[in-house]
Structures are given as structure tokens and as C-alpha cells.
Amino acid sequence: MALLSLLANDHRFRQAGLQAIHVHHGLYPEADTWAEHCRRFCTMLDIGLRIVEVTVPHDSGEGLEAAARHARYHAFRQVLGDGEILTTAHQREDQSETFLLRALRASGTDGLAAMRPWRSFARGWHWRPLLDISRTVLSAYATEQGLYWVDDPSNSDHDYDRNFLRHRIFPLLRERWPHVDTAFARSASLCAETSDLLQHEDARILTTLWNHSPHVLSVSALKALSAAQRARILRHWLSILGLPPLPAAGLVSIEVDLLTARADAQPVFAWNDAILQRWRDQLYADWRRSPLPPDWSTLWNGMTPLSLPDDSVLSLTAVRHGLQCMGFPAPLSVHTRRGGERIRLSGRKHSHALKQILQDLGIPPWQRNRLPLLSNVDGELLAVGDLIFSGEFEQWLQAHEMKLHWDMP
């Protein structure tokens, strides 16, 4: 309430399109009343409000507090537009609590950096402008402004680690060290400075490990690093890809199972819908993706983009600006691999087995099952995604200044 009041009183934020979002967790009987309270306050400030209802799983295994946070930030990610800024009211005591919690979990420098004032988030940014302001100062401002706020009853439940620290541990620490919050926040800031320096070096090294895609690292180059440096590089890599942080078991599995595997093996480590896979001298990281359904097929005229069952999209577009896409001369069949396909490449007199071409191109086995194939009415294979074209289809694309694109989510 204090944060929204501060932002609403600054015309710069209003001109930038200030609006509010309230996540309705549905965990308490009063949840509807809280949403109505937010609606009344935003109406009074003449600020747009979006209320998003989420379902918080009670059996996720991570605890209700963490599950609610994940549901909340998932909602934020869904609504945040390109370049928009999510602004939250985390303040200095929140920062010191986060620092101590991470220390108790044996976090390294990156974790002890705690919360940053700015971070990349979803399609935009996450800003915490109040990190250097104490809860006491914010409470005094809210009282002075005559603000009415709701205290979440879960904040007094000592079963949650953060609340236990807030109500039991920090009062004792402040008796002996009155400036403990400032000290912990300063330590977090120093850790952030060190982390930034290390991440800069991580980014430099990472660029030397990438192969043809940001999702692929060279295994031999990774093995040339020290174990400690390798762990940092892997964490940085996954963070750039937007994948969940690796659990401790993940680093062990990479070292023991993936990096030491035989060249013909295909070891896997999966966690939180993400997956790491080794194939040949390459380590792949991505979200877990399903192959196209067996025997799936459809007709496509190329006039509009085609959405596939795995949420990837095929599109035919003009290469030159202003040129209109007229589609294919006749609808093409888009289908999954069924085995035994052959394709006649440009400049070749004879057709070649698709399986062999995919192996020669280094396409991993699990990616081959996601490839959409395009064939004409006679069953002749013309294209494999946007990776492989028959000589005839390639000539048609060039003659008509068209480009086939396969966009994978």
C-alpha cells in the first residue's frame, strides 16, 4: 500500500502507465475481502487494477509458502509485457532476512547477494525500490498518509522459516546488535559486487563453450575447466536460458553421469520440467518437450502460420519487405517422421536416407522426433522443418523469394 501510494503520487510513473496487480491466492476465507480492498484503493487513486486468481498446490513437496510464491511469480510472468517493470515493496528487513536464510542454507556468493534492486524478469524487469528503507520508516509513512492496509495472517505463523527469524531470532539479534539489519544488508551488497565480478568472467568463458546454439555446450571444453569453475558456468548458463536453478544433486549427476558418459550414451538429468542431456561431445539444456504425436498429419497452404501440436509454429514469409506471401501452389502435407523417408538434396542425382542426413548434421535423437516434415501430394519429401530442403523445394523458395521458418517455443 505504501509503495503504490508513493508511485501514484509521482506523475512520472502515472505517465509511464502505472497499474497494479493483485494475486488472489484463495488460501484464506478473507481472500475475496482483500481483493475488494485493493479494488477500492486503486479506484480512489485512479489506478488500473488487475486481479489474477491462482491455484496453490498443497502437495507440491516444497511447502505452502514456497508454492504460493511460485504461483504468484508465475502470474506476474504471464501478465508482464515487453519492457514492462514489475515493482515490489521488499524493504531492508526483508533483505536481511533473505541474507540470513540463505546463509543457513549454505549458499555461496551468488545466493548471499540476496535480493537485487534490479533484475531481468520475464519479458521486462523486476524493480525493488525500497530495499534500503526500513519497515519502521514505511509504517510511519503509511500512518502519516492515512493508509489502511491488511496484515496477512500467515505473517505471524512461526512455522514458516522467515517468520521464525522475523519474530524470534531478529529481536534477539537487535538487542545485542541494533544495526544488524543494516549490517546484513551491507554484506548482501558486498556479496552482490563480488558476484557481479564473477558473473562477468562466467559470461566471458561461457561464450567460448557455446557450439551452434545457446542451448548447447561443448563437453570437452567444460571438462577442461576446474570443478568449481564448471559449477559456476553451468549455473550461469541455465540462468541465461531461463531454466530453474540446479539442485545440488544436479551438479553431482552432471559430473558423475553426463560428463563421463561414453560418446554413444545418452544420459539425462531432469528437474522441475527442465532437462539436461548428453549426446556425443555436446551437453544440451532445455525445457522438457514432448515429441509430435505419432502418425499426426495435416494439410497446409502456407498462407497463414501453422501451429503444431507441440506449440511450435511453421510459417512461410517473404524474404523481401513489401512482398506478399501467396502460399504454396498446392497444399502440402505436414506430418511426423514414420521411418524410411528419403529426400533428394540440391545438386544430387539420387535421394538420401533422412536418418543418415540427420546423423550427419548432428541432430540429437530426441530432437528428430519433433521435426515436422513437409511432403507434396505424391508423398515426395520436400522439407524437414527449416533445416533440410529438397533441391526442388529450395529452388521454389528462391524463385518466389520465400522463406520457411520453424519457430520452437
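User: Is Arg-230 buried or exposed?

Analyst: This is a predicted model, where local features need pLDDT of at least 70, side-chain atom pairs count only at pLDDT 80 or more, and totals for chains, interfaces and linings use all residues. Residues are numbered from 1 along each chain as its sequence is written, and side-chain values use heavy atoms, with hydrogens and water left out. Buried means under 20% relative accessible area, exposed over 50%, and partly exposed in between (1.4 Å probe, protein chains only). Arg-230 has a relative accessible area of 9%, so the call is buried.

User: Which residue forms a salt bridge with Arg-230?

Analyst: A salt bridge here is a side-chain nitrogen of Lys or Arg within 4 Å of a carboxyl oxygen of Asp or Glu. For Arg-230 the closest N and O atoms are 2.7 Å apart. The partner sits in helix α12 (residues 248–258), while Arg-230 is in helix α11; helices are DSSP runs of H or I with at least four residues, strands are E runs of at least two, and both are numbered from the N terminus. That partner is Glu-255.

User: How far apart in sequence are the parts tied together by Asp-196 and Arg-116?

Analyst: These two form a salt bridge, with the closest N and O atoms 2.9 Å apart. Asp-196 lies in helix α9 and Arg-116 in the loop between α6 and β4, so the pair ties together parts separated by 80 residues.

User: At what angle do the axes of α9 and α11 cross?

Analyst: Axes are lines fitted to C-alpha atoms, for helices over the stretch in contact, and angles run from 0 to 180 degrees between N-to-C directions. Helix α9 (residues 180–209) and helix α11 (residues 227–240) have axes that come within 9 Å. The pair counts as roughly perpendicular, a label for 65 to 115 degrees (under 35 is roughly parallel, over 145 roughly antiparallel, the rest oblique). The crossing angle is roughly 85°.

User: What is the strand order in the open sheet of 3 strands?

Analyst: Two strands pair if DSSP finds at least two bridges between them. The edge strands, each pairing on one side only, are β3 (85–87) and β4 (118–121). β4 pairs with β5 (residues 124–127) in the antiparallel sense over 4 bridges, and pairing in the sheet is mixed, with the order β3-β5-β4.
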